[in-house]
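The following paragraphs lead the reader through one protein chain, from its overall form to two of its residues. Please keep the sequence and the structure in view while reading.

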Amino acid sequence: SYVWRGMYQGGGAAFQPTLGFGIGNFSVTAWGSTNFSGGNKELDLTLAYKLGEAGPTLTVADLWWEGEGAYKYFNFKSHETGHHFEAGLAYTLPVEKFPLSIAWYTMFAGADRKINDKGEDKQAYSSYVELNYPFSVKGVDLNATCGMVPYETPQYNVNGFAVTNFALKATKALNFNERFSLPIFVQAIWNPRMEDAHLVFGVTLRP
């Protein structure tokens with residue numbers, strides 16, 4: 001299943017291809033998601049730049065999840081577009097034995113909107129903060145996640161600060177021979193805000 005920042009996106013099992021390239025500290029990535037029944041469709045484009053070898057990473061992303069049959073992908077008009085534009089800043093502590101990373105993402109333009117106290121349709125500036133800590137146990141790669149929404153926003157269905165994503169992910173490569181291995185993962189996810197929980201299984205295919 002497709003679970004994004006602790007929130008179930010519906011549609012059952014999903015196929016999620018990735019296409020990207022990098023030059024130096026700059027990278028461009030296209031990421032998509034669709035369920036096998038064809039009802040859900042998402043396309044995200046991300047530009048990223050890493051400030052030095054141990055510096056933070058800046059990202060600007062165009063998130064579009066209007067769904068199959070929505071069309072109008074190239075409609076960028078204010079108050080009409082289905083695109084969500086998001087800026088992010090991520091940093092990993094330069095400590096080998098404690099590689100904790102923290103990231104902050106804020107939607108700054110596009111369809112992320114709300115009605116303010118004056119009845120005006122304004123940008124909501126929805127934000128999400130995430131901590132990640134990778135480690136390993138007996139040859140299994142693990143990652144612990146804690147994600148939270150810092151303030152009220154309709155995008156994440158919260159009316160104030162809320163933890164929306166507790167997760168533990170385990171990844172293991174199944175080695176068939178010297179040339180072929182198949183990474184698989186299992187992730188347990190809890191969303192305290194929605195009082196929801198998920199167990200996600202996935203297989204990664206790489207050339």
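Two residues are in contact when heavy atoms lie within 4.5 Å. This is a predicted model, in which local features need pLDDT of at least 70 and side-chain atom pairs count only at pLDDT 80 or more, while totals for chains, interfaces and linings use all residues. Residues are numbered from 1 along each chain as its sequence is written, and side-chain values use heavy atoms, with hydrogens and water left out.

The chain has zero helices and 16 strands; helices (H or I, at least four residues) and strands (E, at least two) are DSSP runs, numbered from the N terminus. Of its 207 residues, 32% are buried. Buried means under 20% relative accessible area, exposed means over 50%, and partly exposed lies in between (1.4 Å probe, protein chains only).

Consider R5, in the loop between β1 (3–4) and β2 (7–8). R5 counts as buried because its relative accessibility is 13%. Its side chain makes a polar contact of 3.0 Å with the side chain of E86 and another of 2.7 Å with that of Y156. A polar contact is a pair of N or O atoms within 3.5 Å; within protein, one must be able to donate a hydrogen and the other to accept it, and residues adjacent in sequence count only if both atoms are side-chain atoms. Beyond its neighbours within four places in sequence, R5 is in contact with E86, Y105, Y128, Y156, T164 and N165.

F26 belongs to strand β5 (residues 26–35) and is partly exposed, at 34% relative accessible area. Although F26 and A48 are 22 residues apart in sequence, their C-alpha atoms are 5.8 Å apart.
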